[in-house]
Amino acid sequence: PDYGSMTAQKTIGNSNYNALEANLRAAIGSRSTLLVGYTWSKSIDNGSNLGEETNPFDQRLTRAISSWNIPQNLVITYTYYLPFEHFFGRNRLTEDWSISGTSRFASGLPVTLVDDSDNSLLGTLGDGVNNSLLDTPEYVGGPLNLHENPRSGQPVFNPNAFEVEPQGTLGDASRRSFQGPGISNFDVQLSKTIRITESKTLDVRFEAFNIFNHAQFYGPQAVEGIDSDPDFGYVISAAAPRLMQAAVKLHF
């Protein structure tokens, strides 16, 4: 207890990113546009942010997939101009209606495993947004039993596959090696442009975010002491539910 501590900071972070990116842009007739973007990628680093500690003895032991790595990401945006004027005649009320939206299907963010026991006795303390110790738990073997639907109340991964590392050692579990629940989201907008004069128009919009109210789960709790956190392995939070709003904009 009479020993103090000394802090050493070095610019030793490094990363590697590889990706396949594909985009499709199409105009379907005179009323529809479509843009599809797909990314298949992988990012690896030995520290994803300022507060993430790197093994001071062998930096390669801390190397893992980045905390923001999303292996697959598909985004679809579209616009369709509704043909009300063909059915009800051309006038200010039937012209310039459109429906548009963005749909996204993506892998979940990686699950970060951190043990806050400091059983390694390294005393590493974060100095940024993460502020986590370097320690990782010990992998004791067995299947991880990964699944991406926490609605069942079951853990996203098998918490019994990990335990606190022996004192004086770093756990052998990788900091990040598997993904959490993915994303499946739909945003839709219905809009109408009203032409008042040659120089003035009025935009009326109704927007719905996460229109199907599909739960978008955040990653499971995995960054606390595994011997003291009853939520270890379980999802404990989610993104916002369906949000709707209306807006009016005057251009002049």
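Let me start with a definition: a residue counts as buried under 20% relative accessible area, exposed over 50%, and partly exposed in between, using a 1.4 Å probe and protein chains only. Hello everyone, and please keep in mind that this is a predicted model, where local features need pLDDT of at least 70, side-chain atom pairs count only at pLDDT 80 or more, and totals for chains, interfaces and linings use all residues. Residues are numbered from 1 along each chain as its sequence is written, and side-chain values use heavy atoms, with hydrogens and water left out.

Let's turn to charge pairs. Side chains of opposite charge can pair when their charged atoms come close. The rule here is a side-chain nitrogen of Lys or Arg within 4 Å of a carboxyl oxygen of Asp or Glu, and it gives six salt bridges.

Which residue pairs with Arg 176 in a salt bridge? The partner is Asp 45, with the closest N and O atoms 3.9 Å apart. Arg 176 sits in the loop between strand 7 (162-163) and strand 8 (183-195), and Asp 45 in strand 2 (residues 32-45), so this pair ties together parts that are 131 residues apart in sequence. Strands, by the way, are DSSP runs of E with at least two residues, numbered from the N terminus. Arg 176 has 3% relative accessibility and so counts as buried; Asp 45, at 4%, is buried too.

Now for two more bridges. Asp 58 and Arg 60 meet at 3.2 Å, N to O. Asp 58 is partly exposed at 22%, while Arg 60 is exposed at 67%. Arg 90 pairs with Glu 95, the closest N and O atoms being 3.0 Å apart. Here Arg 90 is exposed, with a relative accessible area of 59%, and Glu 95 is partly exposed at 21%.

On to the inside. A nonpolar core is a set of buried Ala, Val, Leu, Ile, Met, Phe, Trp, Tyr and Cys residues joined through side-chain atoms within 4.5 Å. The largest one has nine residues, among them Val 111, Phe 157, Phe 178 and Ala 222. Leaving aside neighbours within four places in sequence, Val 111 is in contact (heavy atoms within 4.5 Å) with residues including Phe 157, Phe 178 and Ala 222, and also with Arg 176, the partner of Asp 45.

Finally, Arg 25. This residue lies in strand 1 (residues 15-28) and is exposed at 68% relative accessibility. Not counting residues up to four places away in sequence, Arg 25 touches Leu 34 and Leu 35.

Technical notes:
Helices (H or I, at least four residues) and strands (E, at least two) are DSSP runs, numbered from the N terminus.
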